[in-house]
Amino acid sequence: MKLLMPTIEYADEIKAYREELIKYGSTFDGTGALKRMENPFEWIAYNKLFLAKETVPKGLVQATQFIYANENNNKIVGMIQVRHYFNDFLEKYGGNIGYSVRPTERRKGYAKEMLGEALTFCKELGMSKVLVTCLSDNKGSRKTILSNGGIYESTVKLPDSDEYLERYWIEI
């Protein structure tokens, strides 16, 4: 398994990943705009805009999108996005890192591995700590964060929602 930048070679897998999240009613955490972009080529091109501050869409932040793929068969089992800095929303709710695992590949340790590799990337960017959040009822994500050194800070209510997010800091 390896973190990779999404490329056109993975277009069919990106489409399949999106369809599986929809089929299972899963959230699209760590996938950027994948929920609203059916065309994987459009999604890949859109993600490239986030790699340089000069091309980031207004109101958003520089970010790096990764897929987590099996190198033997190229199957995407997860996606993770690293946000290089905060805007107001990310500072309170979204954090530096968002991730998801394909519903049929959950409970196999992929999220833990994926987050660990993303933390190495964050260190390369010069970050000394990152904020990672999860819904209060998401035991799997909480376990993933804690297993990567997450220290609980607080719980906040999502705006216009009855859901609560737990905030964790991870020192790198």
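User: Hi! Which residues does arginine 167 touch, not counting residues up to four places away in sequence?

Analyst: Hello! Bear in mind that this is a predicted model. In it, arginine 167 touches Glu91, Lys92, Tyr93, Leu131, Val132, Thr133, Ile151, Tyr152, Glu153, Ser154 and Val156, leaving aside residues up to four places away in sequence.

User: Nice list. Where does arginine 167 lie?

Analyst: Arginine 167 is part of strand E7, which covers residues 164-171.

User: And is arginine 167 buried or exposed?

Analyst: Buried. The relative accessible area of arginine 167 is 9%, and the cut-off for buried is under 20%.

User: What joins the side chains of arginine 167 and glutamate 153?

Analyst: A polar contact of 2.6 Å joins those two side chains. Lysine 92 comes in as well: its backbone oxygen lies 2.9 Å from a polar atom of the arginine 167 side chain. Both glutamate 153 and lysine 92 are also in the list of residues that arginine 167 touches.

User: Great, on to the helices. At what angle do the axes of H1 and H2 cross?

Analyst: At roughly 100 degrees, and the axes come within 9 Å. H1 spans residues 11-23 and H2 spans residues 40-48.

User: So what do we call H1 and H2 relative to each other?

Analyst: Roughly perpendicular, because angles of 65 to 115 degrees count that way.

User: Which residues meet there, between H1 and H2?

Analyst: From H1 you have Ala11, Ile14 and Lys15, and these meet Pro40, Phe41, Trp43 and Ile44 of H2. By type, the contact has 6 nonpolar residues, no polar ones and 1 charged.

User: In what sense do E3 and E4 pair?

Analyst: Antiparallel, over 5 bridges, with E3 running through residues 76-83. Within that pairing, isoleucine 80 stands opposite tyrosine 99 in E4.

User: Last one, threonine 120. Where is its place, and how does it count at 46% relative accessibility?

Analyst: Threonine 120 sits in helix H4, residues 110-124. At 46%, threonine 120 counts as partly exposed, because exposed needs over 50% and buried needs under 20%.

User: How far apart are threonine 120 and phenylalanine 89 in space?

Analyst: They are 24 Å apart, C-alpha to C-alpha, and 31 residues apart in sequence.

Methods. Residues numbered from 1 in each chain as written. Predicted model: local features only at pLDDT ≥ 70, side-chain atom pairs only at ≥ 80, totals over all residues. Heavy atoms only, no water. Helix = DSSP H or I, 4+ residues; strand = E, 2+ residues; numbered from the N terminus. Buried < 20%, exposed > 50% of the residue type's maximum accessible area, 1.4 Å probe, protein only. Polar contact = N/O pair within 3.5 Å; in protein donor to acceptor, adjacent residues only side chain to side chain. Contact = heavy atoms within 4.5 Å. Pairing = 2+ DSSP bridges. Axes fitted to C-alpha atoms, helices over the stretch in contact; angles between N-to-C directions. Parallel < 35°, antiparallel > 145°, perpendicular 65-115°, else oblique. Nonpolar A, V, L, I, M, F, W, Y, C, P; charged D, E, K, R; others polar.
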